[in-house]
Amino acid sequence: MEIPYEVTPRRDTGLYNAKLGVWLFLASEVMLFGGLFSAYVFLRLGVQEGVDNPWPWGVSVHKDFVWLGAINTIVLIASSVGVVFAWVALKERNWRRYQIYMYSVVACAVIFMCIKSVEYYSKLTQHHGIKLVDNSVMEGKILDKTDRIRFSGEKLTFSLQGAVPAAIRDFDGENFPKFKVTEGPEELVGAEISSMSQFKSWFSDGRRLVTNQLTEERRRFRGEMAAGTENPKPVSVVSSVTLTAAEPFGVTGNPRKIMAHSESAINYRDGVKVEGKLVSDEVQFEVHEVDLQLVLPTKQRESVVWSVINDEPAKKQFFDAQHKKYEELLEYYKDHGGVIPESQLRGRFLNVQYVHVAAEGHEGGHGKEDKHADVHTSETNPTAGGGEHEGAHGPSRILSVPRDQIKFMGNHGPRYGTYYAIYFTMTALHGLHVVGGALVLLFFVVFGKKLYLKNPEHLANRVEVGGLFWHFVDLIWIFLFPIMYLL
Amino acid sequence: MSAATAHEHAEAHGGHDDHHEHHDPFWKKYIFSTDHKVIGIQYGFTSLVFLAFGFFLMMVMRWSIAYPDRAVPLLADWPWFQAWLDDGGKVTGDLYNMFGAMHGTIMVFLGIVPLAFGAFGNYVTPLQIGAPDMAFPRLNMASYWLYLLGGALMFVSFFLPSGAAKAGWTNYSPLATTTDLHYGDLFWTGQTQWLVAMALLISSSLLGAVNFICTIINLRCKGMTWMRLPFFVWAMLVTGFLLLLAFPPLEVAAIMQLMDRLAGTSFFVPSGLNVSGMSFDAAGGGSPLLYQHLFWFLAHPEVYVLILPAIAIVAEIIPCNTRKPLWGYKTMVYAVMVLGFLAFIVWAHHMYITGMGPAVSTFFQTTTVLISVPSVILITSLLISMWGGSIRFNVPMLFATAFIPMFGIGGLTGLPLAFSLPDLHLHDTYYVIGHFHYVVAPGTIFALFAGIYHWYPKITGRMMSTRLGHLHFWPSLLFMNGIFAPMFFQGMAGFHRRAFDGGKAYEQISQQVFAEPNTFLANIAETLNVIDADAPLRMIDLNLVTSGSAWLLAVFQVPFIINLFLSVFVGKKVNSDNPWDATTLEWATPTPPPHGNFAKEPVAFRGPYEYSVPGAPRDFTPQFESNPALTAGSEHDAEPKEEIAAAH
Amino acid sequence: MADASHDMTKTKKSYAAVGIALLVFTVVTVTIGLAPIFDFGPPGPDGMDFVLGLAVATVKASLVALIFMHLNHEKGLIYKILLFTVLFALGLMILTMFADIDPILEQFETLQTTRGWLTEKP
């Protein structure tokens with residue numbers, strides 16, 4: 001028996017199998033994106049004023065990206081139109097036209113993904129922020145990965161009972177340092193290690209050795225306990241090893257994996273310790289915008305951010321701009337009840353202002369008592385603030401932000417806040433759908449000729465079904481675009 | 001297809017040359033098969049293996065609870081256990097947490113759902129609707145392999161340096177987000193692998209659900225109208241919809257938690273979170289409550305995914321063995337649809353103590369109480385179906401009969417948990433454990449055993465041994481109750497489910513809470529006269545009953561395993577294609593059914609449960625037999641209905 | 001569904017019309033977000049934009065679903081499945097939302113911790 005209704009629709013349901021299957025699949029996709037949209041609503045409504053990172057409300061923060069998003073919307077709409085016309089072409093049995101439409105749909109998908117990558121690249125590498133201890137935020141750019149801890153290591157100490165130490169991923173350079181085991185279980189002392197693969201096999205051998213010793217020791221211990229020995233010798237197995245390098249090796253430590261660091265040692269979260277000498281842990285930052293939404297209005301003038309920036313004109317610039325906007329609000333609310341609502345007072349409109357810290361010797365670069373040796377300048381013009389601040393004020397001074405003043409820092413990646421988290425998750429999932437859908441459609445046009453000659457109706461059905469998925473992807477984007485970029 | 005040949009070679013494993021039309025190599029026929037029956041058997045074996053493994057995890061946990069001061073027997077010298085046992089060979093909290101989390105995960109997602117939905121659903125559904133196969137056979141194969149991959153990943157995660165997941169089968173954030181974060185390679189930690197494996201399992205279930213629904217809607221044979229579908233098929237349809245619509249939010253939750261762990265996002269990480277005294281390095285602003293919402297939006301319908309196939313199997317076996325029609329077939333169909341609908345709007349009754357606010361709690365209390373109505377309708381209909389019948393108590397019927405009171409106990413003990421006030425006291429105690437295990441263990445698992453005994457002759461052509469069956473059933477019934485009944489008493493006395501050293505921790509706490517004079521709880525206990533000062537000790541003694549029963553239960557699964565494997569070779573051969581004299585379409589196929597199922601295109605002439613029809617020559621009138629004299633008695637309309645009824 | 005080629009011209013016309021409508025609506029959405037003409041409230045973006053933007057998105061989505069995805073030709077079965085799907089998705093969204101906005105709890109919220117600084121001017 002053949003499986004019925006593969007091409008022709010069943011009479012009472014009006015559907016052939018694949019169409020019903022895709023509709024059911026789309027129903028589950030509705031629930032998938034429904035869950036994500038629920039999370040969006042929940043997270044956005046759940047922002048506690050003054051506690052959680054505020055969502056970037058409206059277009060003000062990512063005006064640059066609105067146009068990319070809008071172009072992408074148009075590209076996707078065009079591709080959707082392409083799919084329906086490809087289906088029509090198949091129904092009219094016009095293979096040539098079908099090919100043209102289908103290839104242009106796939107091209108649209110490629111364009112969409114390219115634009116998406118531009119956007120991701122810009123967010124991930126060009127925009128950074130630092131939250132200071134009093135929750136004031138500086139937006140701008142961290143230079144040259146200076147958020148990492150640069151260290152010159154000599155010794156590596158870790159336990160053979162855990163996982164492979166995280167620290168070895170942070171070593172600089174191509175070559176694995178030459179290590180010699182100087183402390184640890186007798187059997188291992190003296191061994192030499194000079195490559196990553198050698199290290200890994202040595203590590204698993206060492207772990208097996210320690211586990212076996214532990215098993216033996218414990219068997220003895222339990223035996224003595226069972227035999228009623230008074231005060232049996234407790235189980236003791238040496239599992240900690242120290243590796244000493246022939247010459248110092250560079251470490252660029254990821255602060256997320258590091259619990260604490262000092263002038264002479266880094267302690268990783270997994271218990272690994274690197275001893276040596278600290279090279280540098282200064283974070284170099286070019287500030288574009290100061291965000292005081294999380295600082296009480298009365299505390300804003302004393303905020304830590306001003307002592308970090310250490311520039312009177314910049315501070316004045318912030319509060320002048322804030323005052324101007326406050327007047328604007330007063331003007332508006334004079335006719336609308338007289339009281340400025342709390343959300344406005346603590347919102348982005350008043351508390352996020354463009355700030356330019358001028359480099360020394362340039363216009364505005366006065367009033368600095370502190371003549372720090374490593375004051376760098378940057379010739380780049382800040383653009384993150386958007387179009388309003390065009391033509392701004394020459395090169396910026398690079399701030400050197402002390403690490404103990406930093407509560408949180410990072411690029412505008414998914415980590416930066418719940419908005420960025422949901423933005424990246426949803427757009428990336430949507431992007432996966434675009435790629436998947438495009439691959440399927442590409443398959444239908446590249447390998448479809450055989451089926452077209454055999455049973456064109458079957459191919460038309462396939463295209464219709466693939467098209468259903470493609471339209472759904474478009475449909476999701478129709479919602480994603482306004483809620484992620486505009487509103 | 002090859003009906004005659006299939007008759008001659010009755011053994012399922014008899015050889016690869018059963019069907020002369022298909023000269024497929026062994027791997028294609030039994031491993032990468034697209035035949036729904038082979039996939040069903042694959043699902044069945046894999047899930048039984050996982051059930052046994054989950055059972056093993058639980059036995060280790062029960063040792064720790066019963067004998068917190070003694071080394072674990074047999075296991076203390078295994079190298080793997082060295083990292084997880086203390087120097088005296090005793091279970092550590094980490095091991096208990098790991099086994100607890102994985103016991104739940106494995107039993108629910110890798111054991112029972114694949115067995116009930118994957119194995120029975122796959123094998124029986126297409127046969128019962130008279131279809132040659134599932135609507136998308138290759139998709140069916142893909143969903144099995146995704147399931148196997150997910151299961152393998154879960155299993156492999158035990159052998160990672162971090163061990164498997166430890167944050168409970170619910171994987172609540174922020175605990176699950178922050179567990180094992182200190183490992184250098186975050187991807188290869190058990191907690192992360194749990195999420196990856198879940199994503200695979202969810203994808204597998206979604207594909208399966210699409211396939212099932214599509215098959216049932218579009219592949220019904222001629223004459224198989226909606227109201228002629230066996231109840232099993234209805235239950236599978238509703239289960240399919242539950243999986244299809246409830247799983248995606250969990251997939252969302254898993255993706256988000258994966259992002260939290262790997263990309264450092266803060267979906268479920270609130271502002272100002274401290275972990276082990278250190279401020280957690282994340283932006284904050286997320287909500288742990290969101291995770292619970294997304295999780296339970298799946299996990300409550302999942303409960304019905306666990307129980308509906310069980311009820312459905314029992315609903316097939318009871319009419320067959322009472323030789324009476326299923327009582328209230330239509331009522332049951334509507335009840336199951338209402339149940340399916342309500343299952344989506346009761347989830348937050350798992351979350352009363354999260355502080356989500358009284359208005360939401362009130363809403364969910366109401367819907368939760370409502371959902372007990374269709375459940376009771378189903379179970380009552382099954383009970384009434386037995387009334388006045390002359391019952392054949394064969395092994396499947398024994399299990400099916402035992403299912404009803406066991407499920408009843410499980411269901412009724414759930415009522416106090418539906419209300420937020422008693423839930424404050426009972427939440428996270430052994431009472432909850434007892435409640436849902438009564439539903440799932442002696443409930444669902446008994447029904448699944450019943451199903452195995454019932455359809456075994458169709459699958460292999462031989463009967464399972466009745467003697468071994470009895471040796472399996474009676475001790476199982478006894479020890480299942482021995483395990484779970486004491487839990488209600490322990491739970492009401494406040495015994496917490498996550499206390500890894502069982503008695504020791506509980507005794508300490510309860511001494512402080514109940515035995516110290518003039519504390520608030522002690523006063524209440526005294527006034528109500530429910531818990532006296534000795535109660536903790538008595539409750540601790542019950543641990544031994546529970547743990548002992550668990551180990552004995554394991555012993556009495558041996559007859560079943562022997563029976564399952566040996567009967568393939570030495571079981572009594574069936575003398576017809578319909579050894580139970582049943583009425584539904586799967587018994588119309590040759591035994592075992594060949595690829596493509598039916599020898600000639602099947603037609604359904606009447607309803608599914610026409611037993612003891614007055615005036616009929618035999619006490620059963622199968623759906624597939626056309627006898628005009630008999631169809632007159634049919635109350636069901638013959639015209640195919642254009643629309644799917646009501647809810648789904 | 002149109003099967004014969006003669007009524008394909010009509011189908012093509014409707015597809016083209018929907019495509020153009022979608023483009024127009026995209027322009028409208030961007031305008032709502034960017035242009036101050038839609039700012040009914042105080043300076044800066046506000047909730048009204050959100051409602052308008054979503055309304056436009058819903059119109060666009062229905063056009064795609066009805067015309068491009070042929071929902072206007074389907075039988076009742078799919079409508080029923082989708083109806084319940086949307087119902088559950090909305091249920092998930094709304095019921096989760098109530099964790100933040102609880103009408104019963106709000107009656108008891110008398111403490112307003114942030115009152116103090118409101119009287120002061122920034």
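Because the model is predicted, local features are taken at pLDDT of at least 70 and side-chain atom pairs at pLDDT 80 or more, while totals for chains, interfaces and linings use all residues. Residues are numbered from 1 along each chain as its sequence is written, and chains are lettered from A and ligands numbered from 1 in the order in which they are written.

Let's begin with chain C. Its secondary structure amounts to five helices and zero strands, giving the order α-α-α-α-α from the N terminus. Helices here are DSSP runs of H or I with at least four residues, strands are runs of E with at least two, and both are numbered from the N terminus. Chain C has 122 residues, of which 23% count as buried; a buried residue has 20 or more other C-beta atoms within 10 Å of its own, with C-beta atoms placed from the backbone. Two residues are in contact if their C-beta atoms, placed from the backbone, lie within 7 Å. Among the contacts in chain C with a separation of 6 or more, 51% join residues 24 or more positions apart.

Chain C meets chain A through 48 residues of its own and 56 residues of chain A. On the chain A side, two or more residues come from each of α1 (17-45), α2 (63-91), α6 (312-334), α7 (342-345), α8 (348-351) and α11 (456-486). The biggest giver there is α1(A), with 12 residues. By class, this side of chain A has 36 nonpolar, 15 polar and five charged residues. In this scheme Ala, Val, Leu, Ile, Met, Phe, Trp, Tyr, Cys and Pro are nonpolar, Asp, Glu, Lys and Arg are charged, and the others, Gly among them, are polar.

Chain A also touches chain B, where 56 residues of chain A are in contact with 55 residues of chain B. On the chain B side, the elements giving two or more residues are α4 (79-82), α8 (190-218), α9 (231-262) and α10 (288-322). The largest share, nine residues, belongs to α9(B). This side of chain B divides into 30 nonpolar, 17 polar and eight charged residues.

β3 (residues 149-159) and β6 (residues 240-253) of chain A pair over 10 bridges, and Arg150(A) has Thr252(A) in β6(A) as its bridge partner.

Two helix pairs complete the tour. In chain A, the axes of α9 (residues 418-446) and α11(A) come within 10 Å and cross at roughly 160 degrees; axes are lines fitted to C-alpha atoms over the stretch in contact, with angles from 0 to 180 degrees between N-to-C directions. That makes the two helices, α9(A) and α11(A), roughly antiparallel (an angle over 145 degrees). Among the residues that meet are Tyr423(A) and Phe444(A) in α9(A), and Arg462(A) and Trp470(A) in α11(A). This contact has 14 nonpolar, five polar and one charged residues.

In chain B, the axes of α10(B) and α16 (residues 430-460) come within 9 Å and cross at roughly 45 degrees. By class, the contact has 11 nonpolar, four polar and no charged residues.

Key
Buried ≥ 20, exposed ≤ 12 C-beta atoms within 10 Å, placed from the backbone. Pairing = 2+ DSSP bridges. Parallel < 35°, antiparallel > 145°, perpendicular 65-115°, else oblique.
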